[in-house]
Amino acid sequence: MKPRRPSRPAHATEDEKRLFATVMRDAVPVKRRAKLIHPAKPAAKPEPVPPPPPPVPPPPAAAKRGRAGPVAAPPKPNPGLDRGTEKRLKAGDIPIERRIDLHGMTQAAAHAALDRFVRQAARDGLRLLLVITGKGSASEGVLRRAVPRWLNSGEHAATVLRTAPAQARHGGEGALYVLMRRRRP
């Protein structure tokens, strides 16, 4: 069986009336919307006929005669980087030639220091750099996210070939390997 609700008095007490008047003193009535009159539906228009698809180009002459043409090689995942170098980079087996520690810096100071560092390394013809960003708080630091963006865009895009997370012995999640492009004579 349901519990009974307490009965309410039929009329408000004087205290309740005063409280209600106090609360409602600043209330502004909401204007009622005029009833919406739905316009008559326009006559149905015939749907436009889509244009025919463009014609498919004929196959090359070699394919018509039954000869197989040259097969295009699939694109490389990292243009300019062979598989062996990529494995050595990820394993941390390429010797680090210079390193910079950015953690603890503001974003503006770190960006300026990184720009100078990468420009100088490019002038010196260095191959592998180590950039220490720090892990940051709550697993995603500001510098940890920003440094790869800075390196892969702007003025450094022409000199930086690839960035990769560093091995634990070189800083792990708080550091990056930066592989520079080789200078061609």
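## Thr163 and strand β3

Thr163 sits in strand β3. Strands here are DSSP E runs of at least two residues, helices are H or I runs of at least four, and both are numbered from the N terminus. Thr163 is buried, at a relative accessible area of 16%. Buried means under 20% relative accessible area, exposed means over 50%, and partly exposed lies in between (1.4 Å probe, protein chains only). Leaving out residues up to four places away in sequence, Thr163 touches Pro148, Leu151, Asn152, Tyr177 and Val178. A contact is a pair of heavy atoms within 4.5 Å.

## Basis of the model

This is a predicted model: local features need pLDDT of at least 70, side-chain atom pairs count only at pLDDT 80 or more, and totals for chains, interfaces and linings use all residues. Residues are numbered from 1 along each chain as its sequence is written, and side-chain values use heavy atoms, with hydrogens and water left out.

## Overall build

The protein chain holds five helices and four strands. Read from the N terminus, the order is α-α-α-β-α-β-α-β-β. Of its 185 residues, 26% count as buried. Among contacts with a separation of 6 or more, 66% join residues 24 or more positions apart.

The protein chain exposes about 15,400 Å². Carbon and sulfur atoms supply 59% of that area. Accessible areas come from the Shrake-Rupley method with a 1.4 Å probe; for residues, only the protein chains shown count as cover.

## The sheet and its helices

Four strands form an open sheet in the order β1-β2-β4-β3, with mixed pairing. Two strands pair if DSSP finds at least two bridges between them. β1 and β3 stand at the edges with a single partner strand each, so one side of each has no neighbour in the sheet. Neighbouring strands are turned by 20 degrees against each other on average, direction ignored. β3 and β4 run antiparallel and are joined by five bridges. Pro165 stands opposite Leu176 in β4.

Helix α3 (residues 83-91) lies across β2, β3 and β4, at about 45 degrees to β3. Helix α5 also lies across β2, β3 and β4, but runs at about 165 degrees to β3. Axes are lines fitted to C-alpha atoms, for helices over the stretch in contact, and angles run from 0 to 180 degrees between N-to-C directions.

## Nonpolar cores

In soluble globular proteins, nonpolar side chains tend to be buried together. A nonpolar core is a set of buried Ala, Val, Leu, Ile, Met, Phe, Trp, Tyr and Cys residues joined through side-chain atoms within 4.5 Å. The largest one has 20 residues. Leu102, Leu114, Val131 and Val147 have the most contacts inside it. α4, β2 (128-132), α5 and β4 each supply at least two residues of this core. α4 gives the most, with six residues.

Val131 touches Ile100, Leu102, Leu114, Phe117, Val147, Gly174, Ala175, Leu176 and Val178, not counting residues up to four places away in sequence. Another core, of eleven residues, lies apart from the largest one. Its members include Leu130, Leu161, Ala164 and Ala166.

## Salt bridges

Side chains of opposite charge can pair when their charged atoms come close. A salt bridge is a side-chain nitrogen of Lys or Arg within 4 Å of a carboxyl oxygen of Asp or Glu. The count comes to six salt bridges. One of them pairs Asp124 with Arg98, at 2.9 Å from N to O. Asp124 lies in helix α4 (residues 107-124) and Arg98 in strand β1 (residues 98-101), so the pair ties together parts 26 residues apart in sequence. Both ends are partly exposed: Asp124 has a relative accessible area of 35%, and Arg98 has 28%.

Glu155 forms a salt bridge with Arg119, with the closest N and O atoms 2.9 Å apart. Glu155 lies in the loop between α5 (142-152) and β3 (160-165) and Arg119 in helix α4, so this pair ties together parts 36 residues apart in sequence. Glu155 is partly exposed at 47%, and Arg119 is partly exposed at 35%. Glu173 forms a salt bridge with Arg144, with the closest N and O atoms 4.0 Å apart. Glu173 lies in the loop between β3 and β4 (175-180) and Arg144 in helix α5, so the two tie together parts 29 residues apart in sequence. Glu173 counts as exposed at 51% relative accessibility, whereas Arg144 is partly exposed at 22%.
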